[in-house]
Amino acid sequence: MQWVKVLGGLVGASALLGLGIILGHFAIPKGADAPAPSVSVSQDLDLEILETVMKQLDASKIRENLRELSREPHLASSPRDEALAQLLLQRWRDPESGLDAAEAPTYEVLLSFPSREQPNRVAVVGPTGTILFSCRQSEQNLTGEQGGPDVVPPYAAYAPPGTPQGLLVYANRGTEEDFMELQTQGIRLEGTIALTRYGGTGRGAKAVNAAKHGVAGVLVYTDPADINDGHSSASQTFPNSWRLPPSGVERGSYYEYFGDPLTPYLPANPSSFRLNPDTVSGFPPIPTQPIGFEDAKILLCNLQGTSAPAAWQGALGCDYKLGPGFRADGDFPADSQVNVSVHNRLELRNSSNVLGIIRGAVEPDRYVLYGNHRDSWVHGAVDPSSGTAVLLELSRVLGTLLKKGTWRPRRSIVFASWGAEEFGLIGSTEFTEEFFSKLRERTVAYINVDISVFANATLRAQGTPPVQSVIFSAAKQIPAPGLDGLSIYDNWIQYFNRSSTEYGLVPSLGSLGAGSDYAPFIHFLGISSMDIAYTYDRSKTSARIYPTYHTAFDTFGYVDKFVDPGFSSHQAVARTAGSVLLRLSDSLFLPLNVSDYGETLRNFLQAAQRDLGVLLEQHSISLGPLVTAVEKFEGAAAALGQHVSALQKDTPDPLQVRMLNDQLMLLERTFLNPRAFPEERYYSHVLWAPRTGSVATFPGLANACSRAMNTSLGSAAWAEVQRQLSILVVALEGAAATLRPVADL
């Protein structure tokens, strides 16, 4: 990653030295790098500075940021995307509110785009080849923003080109179980076109599952039952409400993995080895195209065959049939077929990350990362510009304090605007690949604020257990917007809560999957991570996400009128994430409570004992070593907590503080095993890898038991169960060892 200048004035010579030189340079004290005498450098979190930041975060400035960011579509690598990269650089280099350094390193990555010369098309074709009906190729221009030349037509990124044609079948959500149900119903799937709805499984998985059963092409739509609480008429949807209009189509990446497809585990630099695009794995195997629910209704409500199961029915106003083919008394001749013409193409494109650094005054070689992606499918006001608008305001406030000489953090802060996230977390993954060792050695935590506001009801946070306490501490100190006397924490606990054996009733902290740029940090690097947002009241809507997600209707006006009028929820997220950032960067002792991992481990263990114990005993597999390992971890975590408390009451030696903070920082890394799941690219965290087994326990154990369930005693599948159990025990014992006194081997 190329950086133009080294802090301290080495401007010209540093252009080719890279981010690693800059960040490594932080750890070497030099006169030119020392903070100016006027800078206030506290030994611990300065509550006055924290309060100043909270007061200065301005909702109106976030609103203006969002207006500018979402003014035009900014698809990854497009001219507008690169213009926004320059806007970030300009802000972060501002002499009055900028940061210490800011650069925009570029990677050459493989992206997927529809052909402008040959637009993708879905049509009903009669027996003689006549086109009887064509689905929309673009969304309805309802506000004057959906018809511009830079609005990319709906498409399934990375879906291969092709023109399959066949009888239509309805396959619900396109899961493996859904296609098996169709076969059970006696429906022949070979050569058909499957109509599926979003949800239930990943985008790309729908095509993978379909291809296994001989399906020739896949259509995907958003059912009003899943996004609009059943409402589908024009008068009930955008621009008259926040609901998805009938022509709305969710774009998205159908790539199975994350990172640049051609350079797995390598940064997409000119010198890196690249795979042959024709042999890359993870792309959909058959042509796939998303459509709007107004077109899906015409196709689905004309199907013949038996009625779909009750759980498969939706809100399109008809009885959903399974097919194959159309009914004789419908809008099309019974032997009409559906033609799917996809003309997507793969292209190598340059995509930029933008990185801004505030150099730490005391521990410059310890980094707190705060990131959000920049690219969007169209205007992207909610996704991701709501997050970028918050990012810019938070960096403005901190940059102003920095330039005035009134504050400098204890640890270094790295702000990141990731490129090409929508195509598969590409910018953040390339960054973690390029600086794998340095980031693992020195990164304290990663804060992700992608969509900052889904809706304006309550906070929603996801993260690994050690970050729970710092998020709770921040949320307790910030007033909830529009609710006098109620903190964000108090409001949060009313919407999402759980009963903790340690703390009683607390807000629920969700776990991290792979939905945003935190994925490479937690799964690949083992860095304590979190994702923070405001969201909606689940008791008032069943929407799986905000309704205009990845459509051309996700505009500034949509946010301003329906999502967060007044932008008070954006401000609340800025304050929460900003407070977490300051606590992590300025606190003498890292506010990471490793004991909170004990509760997660204990819950996983109890689920394994309850749901798998008898089965494992039948195969002579004992959970005893795992029980002992969990107990060792709990004991070591409790002892470390007591050590922290004792040091906090004293005046600790700086080296003691550093050693203890390293134990807190490095705990998450101990749960990584790159050989635990060789079939899962980038996933090496033994606690948070994808879980396909039905038991809510350690994923490797759950998945292995699920696969071994119907195999014979002594099979390779049961040997894998034993291996996964051993991997867990070693990881937990290693974690306990990391938490014990550093002089103890």
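Which residues does Ser 469 touch, not counting residues up to four places away in sequence? Ser 469 touches Pro 591, Asn 593 and Asp 596. Keep in mind as you explore that this is a predicted model. The mean pLDDT of the protein is 93, and 94% of its residues reach 70 or more. Here is a short tour, topic by topic.

**Where to be careful**

- Over residues 1–40, pLDDT stays under 50.
- For that stretch, the model has 89 contacts beyond four places in sequence.

- You can find Ser 469 in helix α12, which covers residues 468–476.
- Ser 469 and Pro 591 are 122 residues apart in sequence, yet their C-alpha atoms are 7.2 Å apart in space.
- Pro 591 is also one of the residues that Ser 469 touches.

- An unreviewed UniProt entry carries the annotation "domain: PA" for residues 167–252.
- Residues 353–561 are 33% helix and 24% strand, with end C-alpha atoms 31 Å apart.

- Four strands form an open sheet in the order β7-β8-β9-β11, and their pairing is parallel.
- At the edges sit β7 (168–170) and β11 (288–290), each of which pairs on one side only.
- From one strand to the next, the twist averages 25°.
- Strand β9 (residues 217–221) runs parallel to β11, and three bridges join the two.
- To see a bridge for yourself, look at Val 218, whose bridge partner in β11 is Thr 288.
- Helix α6 (residues 203–212) packs on the sheet, where it touches β8 (193–197), β9 and β11.
- The direction of α6 makes about 145° with that of β9.
- As a general idea to carry along, side chains in a regular strand alternate between the two faces of the sheet.

- Strands β19 (residues 497–500) and β20 (residues 504–507) pair in the antiparallel sense over four bridges.
- Asn 497 stands opposite Pro 507 in β20.

- Helix α3 (residues 59–69) packs with helix α16 (residues 568–586) at an angle of about 105°, and their axes are 9 Å apart.
- Why is α3 described as roughly perpendicular to α16? Angles of 65 to 115 degrees count as roughly perpendicular, so the angle of about 105° makes α3 roughly perpendicular to α16.
- On the α3 side, Ala 59, Ile 62 and Leu 66 meet His 570, Gln 571 and Ala 574 in α16.
- The residues of this contact between α3 and α16 divide into four nonpolar, two polar and no charged.

**Backbone details in loops**

- The peptide bond from Phe 238 to Pro 239 is cis, with omega near 15°.
- Pro 239 lies in the loop between α7 (224–227) and β10 (252–253).
- A cis peptide bond also runs from Gly 323 to Pro 324, with omega near 0°.
- Pro 324 belongs to the loop between α8 (293–300) and β12 (337–341).
- Tyr 158 is not a glycine, but it has a positive phi of about 75°.
- Look for Tyr 158 in the loop between β5 (156–157) and β6 (165–166).

Key: Residues are numbered from 1 along each chain as its sequence is written. This is a predicted model: local features need pLDDT of at least 70, side-chain atom pairs count only at pLDDT 80 or more; totals for chains, interfaces and linings use all residues. Side-chain values use heavy atoms; hydrogens and water are left out. Two strands pair if DSSP finds at least two bridges between them. Axes are lines fitted to C-alpha atoms, for helices over the stretch in contact, and angles run from 0 to 180 degrees between N-to-C directions. Contact means heavy atoms within 4.5 Å. pLDDT is the predictor's confidence in each residue, from 0 to 100. UniProt positions are given in the numbering used here, feature names are shortened, and annotations may be inferred rather than shown by experiment. Angles under 35 degrees count as roughly parallel, over 145 as roughly antiparallel, 65 to 115 as roughly perpendicular and the rest as oblique. Ala, Val, Leu, Ile, Met, Phe, Trp, Tyr, Cys and Pro count as nonpolar, Asp, Glu, Lys and Arg as charged, and the others, Gly among them, as polar.
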